[in-house]
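Me: I am new to this structure and would like a close look at a single part of it. Please take the surroundings of the ligand.

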Amino acid sequence: MEIQRKIIHCDCDSFYASIEMRDNPDLVDKAIAVGGSPERRGVIATCNYEARKFGIHSAMASATARKRCPHLIIVKPDMEKYRWVSQQIHKIFETYTALIEPLSLDEAYLDVTECKKYRGSATLIAEAIRAEVQEKIRITISAGIAPNKFLAKIASDWNKPNGQFIILPEEVDDFVALLPVNKLHGVGNVTTSKMKRLGIQTCNDLRKLSSSQLQKYFGSFGQTLHQLSLGIDQRAVQTQRIRKSVSVENTYAIDLPTLKNCLEELPDLRQQLAKRMEKLNGDYAIHKQFIKIKFHDFVQTTVEMLSKTSCMENYKKLCTEGFSRRSKPVRLLGLGVRIVPKEKTNEPTGNQLTLTLED
Ligand code: TTP
Ligand code: MG
C-alpha cells in the first residue's frame, strides 16, 4: 500500500545572489553573479534572474559569464553569511514541522502530513512559509507541494522564482505521464540519450516498457524507473542526513603542468580535508580514498581505492594513476574519502587499487 504524505520542497530563489542584493541595494535591478573572479579563473556559484537573461548559470567560468554580459557585477561569496541565513530559514521551517531534510543551504524537504496549521492544507502552509521567509529574511523562496519527494522537487521549479505549484494526489498520474524523462531523479545526460535512442521521451513512453525490458536496458535502476514513471516514490523525509563522502578541491589559477606539480599540491589539500573531517566528530569510518583530476580540457577523472585512513601515500598513488590517464596539464585537483556511519562498517579490508573512470 502506498503511503500518502504531504511534502513541501522549498528552494530559495538565486540564493547567494538574493542575499547579496538584499544587503546592497545598489545591486538590485542589475545583472549580478556570486563567484570567483574571471582573472583568477573563478567559477560562477549563482546569478540573479537578470543575469540569467544573458545565458549565465551556475558552474560557468566567470570569464565566459563576463563575455556574455560585460556589465555583469561579480560579488565574492560569503559562505558564513549564507550559512547563517540558511539557519534562520530553518528556524522558520521548524515552526511548521520537525520532519525537515536539508538538501543544501537553500533547499529542504518538509513533511507536513501531521502539521495542524491551516487546517492541514499543505498549499496554505507553503504560502505561509514563503510569506514568513520574505517578511523576516527578505529574500524570496519557491515551493513545490506534492504527495512525495520526487514530485515536490519538480514542482518547486515549476513557478520559480517566488512561486509555488501543487500536484494533488489525483493529478499525479496525468502530470507524470507528460513529464520528460530527464526530470527523473538519477536520469542524467547519458541515460536521457540512451532513452532517446530507444524512443523514450516521456514517462508515458517509459510506462510502456515491461519490467524485463527495463531490467535489460537499465539494470537495477529499471525498477526505480518503473516506479517513478508512475509517480511513486516512497522515500521518507530523512531528518538526519547520512553523509557518503567528504572532499575538498581546488581550481588552480595556473594549470599544474606536470605530475610533480600535482604531487606537490597534495599536502595542502590533505590538510584542508583533515579540517573538514574533524567536523564529523568521529561518527563515520573511512572506507575509501579518492582523487579527482580535471585536466585543462575539462576532461575529468576519478580514481579511488579501498582504505581505512586518508593517508598521503595512497593519495600519491591515486594521483599518479589519475594523471597518467591523460598526462596533460591539470586545472583542478580534489581529494576525498568515502565514509560510512560507524556502526555500519562492514566493508572488506585491503588496499588493492580499484580503478573507476568517469566520463
Ligand atoms: P540552487 O538552488 O541550485 O540555485 P539558486 O538558488 O541560486 O537559484 P534558483 O532560483 O534556480 O534556485 O543553488 C543554491 C545555491 O548553491 C546557489 O545560490 C549557489 C550555490 N551553488 C553553487 O555554489 N554552485 C552550483 O553549481 C550550484 C548549482 C549552486
Ligand atoms: Mg535555489
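Which polar backbone atom is 3.0 Å from an oxygen atom of ligand 1?

Reply: The model is a predicted one. The backbone atom in question belongs to Phe15, and an oxygen atom of ligand 1 is 3.0 Å from it. Tyr16 also takes part through its backbone, with an N or O atom that lies 3.1 Å from an oxygen atom of the ligand. Thr46 uses its side chain instead: an N or O atom there is 2.5 Å from an oxygen atom of ligand 1. On its own, ligand 1 has 550 Å² of accessible area, and the protein covers 67% of this.

The shell around ligand 1 can be described next. There are 13 residues around the ligand, and those that come nearest are Ser14, Thr46, Tyr49, Arg52 and Asp106. By class, the shell consists of 5 nonpolar, 3 polar and 5 charged residues. At least two residues of the shell come from each of strand E1 (7-12), helix H1, strand E3 (44-47) and helix H2 (49-52).

Helix H1 has a further neighbour. The axes of H1 (residues 15-23) and helix H4 (residues 79-94) come within 11 Å and cross at roughly 95 degrees. Angles of 65 to 115 degrees count as roughly perpendicular, so H1 and H4 are roughly perpendicular to each other. On the H1 side the contact is made by Phe15, Tyr16, Ile19, Glu20, Arg22 and Asp23. H4 contributes Met79, Lys81, Tyr82, Val85, Ser86 and Ile89. Sorted by class, this contact has 7 nonpolar, 1 polar and 4 charged residues.

Technical notes: Residues numbered from 1 in each chain as written. Chains lettered and ligands numbered in written order. Predicted model: local features only at pLDDT ≥ 70, side-chain atom pairs only at ≥ 80, totals over all residues. Heavy atoms only, no water. Axes fitted to C-alpha atoms, helices over the stretch in contact; angles between N-to-C directions. Helix = DSSP H or I, 4+ residues; strand = E, 2+ residues; numbered from the N terminus. Parallel < 35°, antiparallel > 145°, perpendicular 65-115°, else oblique. Contact = heavy atoms within 4.5 Å. Nonpolar A, V, L, I, M, F, W, Y, C, P; charged D, E, K, R; others polar. Near = heavy atom within 4 Å. Polar contact = N/O pair within 3.5 Å; in protein donor to acceptor, adjacent residues only side chain to side chain. Areas by Shrake-Rupley, 256 points an atom, 1.4 Å probe, with all protein chains shown as cover.
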